[in-house]
There are 2 protein chains.
Amino acid sequence: METQKNKKEMFYPHVSVDCVLLGTNEDKLCVLLVERQVAGSDEKHYKLPGSLIYESEDLDTAAYRVLNEATGLKRVALKQFRSFGSPARTKNKEDVQWLENASKMKISRIVTVAYLALCKIGKKTTMDEKSDTLIWAPVNELPHLPFDHKEIIEAARQEIRDWVDREPGIVFDYLPPKFTAYQLRRIFEIVYDKEVDVRNFRKKMSTMEYIVQTDETETGVNHRAARYFRFDRIKYNKLHSNFNKI
Amino acid sequence: METQKNKKEMFYPHVSVDCVLLGTNEDKLCVLLVERQVAGSDEKHYKLPGSLIYESEDLDTAAYRVLNEATGLKRVALKQFRSFGSPARTKNKEDVQWLENASKMKISRIVTVAYLALCKIGKKTTMDEKSDTLIWAPVNELPHLPFDHKEIIEAARQEIRDWVDREPGIVFDYLPPKFTAYQLRRIFEIVYDKEVDVRNFRKKMSTMEYIVQTDETETGVNHRAARYFRFDRIKYNKLHSNFNKI
């Protein structure tokens with residue numbers, strides 16, 4: 001920390017945390033948003049769950065507080081993934097006005113530490129009394145959001161792509177133990193946000209020795225019953241082995 | 001960002017960036033430290049290169065400014081890897097006193113955004129005029145450092161292990177095109193900070209199809225000339241293929 005060049009450079013940024021919870025809902029990648037009250041507006045306004053940090057709080061503590069206050073969840077594994085601190089974050093005067101009203105503080109600049117969790121969307125995601133102030137919004141059809149929340153969501157999506165690039169095995173945590181080729185393909189289409197050619201995907205699957213065909217097929221479906229596959233983690237770990245375990 | 005609970009919770013944290021440059025020197029993992037002036041002390045004191053951010057600066061801009069001011073380097077690829085914001089960061093009064101003297105600002109709490117780069121240590125790492133205020137300190141033999149700089153360095157080392165765990169191929173960027181089994185083993189020993197059994201390592205190497213034995217051996221050495229290996233990136237990418245490239 002060098003000497004500040006001159007008095008003009010002195011300023012007092014605020015620090016916040018924002019939580020990006022991503023999950024798939026109705027075959028779309030969705031993000032959890034909370035309602036925010038905007039004075040003089042009847043429309044619904046949303047934002048990422050977030051908060052300025054409190055004086056006694058570590059960053060992780062603040063992130064879990066925010067998550068818990070917004071959703072009632074405690075056990076979601078939040079991972080700090082990036083901090084956003086551009087001076088342009090507060091360029092929209094309405095956003096700053098809203099935050100100053102809500103926080104009763106003068107706001108010039110805010111550096112936010114963003115956290116990320118991948119969730120399965122289910123009944124137990126939200127506390128009952130909170131649920132009508134929360135929405136799961138498709139990432140590709142976001143409403144207006146304050147500050148750089150859209151940019152943070154896009155960065156979170158990219159972060160998840162990077163995780164899956166490096167470790168494709170994590171997608172199997174979000175599939176049932178037995179899954180169809182369609183289910184697997186859809187999860188990759190959702191992660192990479194693009195359509196994947198069915199035939200190419202099957203070809204790729206057949207080269208992945210850790211995706212094992214079972215003898216079972218779907219039952220009780222109207223269409224032609226699809227074959228079930230399973231994930232062989234032992235084979236996967238062997239193929240993705242590294243020098244750590246010597 | 002919820003309403004702050006009460007006035008007591010209002011506070012003004014500072015935001016800084018810190019740069020962790022790691023490289024290997026004389027077969028040890030080292031970190032770049034800069035000298036800091038401590039009033040009334042004749043001993044040399046060091047810290048990570050870092051700075052409070054300026055009012056007009058993005059976080060990345062601040063990190064590159066710090067790196068450039070400290071070392072003259074511009075082309076190192078810095079990666080933001082984690083923010084540290086525990087209230088305990090400023091528990092040591094001497095550290096706070098030093099920073100208040102250096103910055104001419106009242107300091108209560110500092111959230112720092114840490115950046116990381118892996119470097120090859122070479123002649124061009126530092127500007128000539130700066131080089132006597134800089135040291136490459138072995139990570140296992142660090143001098144006293146202010147704030148949580150030791151913790152940040154340990155987290156940076158862990159981050160690099162995670163990179164290598166997920167993508168062992170990156171170590172070959174830090175080896176010559178032809179390398180010996182010893183050189184490869186040493187780089188893993190340095191990354192994982194443990195001795196690796198020679199025989200087990202050779203066994204592991206032989207299972208890694210992307211490490212290809214060449215016909216060449218070392219020349220002009222006193223000991224028995226070792227075989228050279230090379231890294232086959234095409235084979236590596238195939239083995240570590242994922243669904244991104246469909």
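Student: How many residue pairs are in polar contact across the interface of chain B and chain A?

Tutor: This is a predicted model, in which local features need pLDDT of at least 70, side-chain atom pairs count only at pLDDT 80 or more, and totals for chains, interfaces and linings use all residues. Residues are numbered from 1 along each chain as its sequence is written, chains are lettered from A and ligands numbered from 1 in the order written, and side-chain values use heavy atoms, without hydrogens and water. A polar contact is a pair of N or O atoms within 3.5 Å; within protein, one must be able to donate a hydrogen and the other to accept it, and residues adjacent in sequence count only if both atoms are side-chain atoms. With both residues at pLDDT 80 or more, the rule finds 11 residue pairs.

Student: And how many salt bridges are there between chain B and chain A?

Tutor: Look for a side-chain nitrogen of Lys or Arg within 4 Å of a carboxyl oxygen of Asp or Glu. Over all chains the count is 24 salt bridges. Between chain B and chain A, though, it's zero.

Student: Which residues have the most contacts inside the largest nonpolar core?

Tutor: Such a core joins buried Ala, Val, Leu, Ile, Met, Phe, Trp, Tyr and Cys residues through side-chain atoms within 4.5 Å, where buried means under 20% relative accessible area (1.4 Å probe, protein chains only). The largest has 50 residues, and those with the most contacts inside it are A:Leu21 and B:Leu21.

Student: Which residue meets A:Arg65 in a salt bridge?

Tutor: Both partners are buried. N and O lie 2.4 Å apart, and the partner is A:Glu57.
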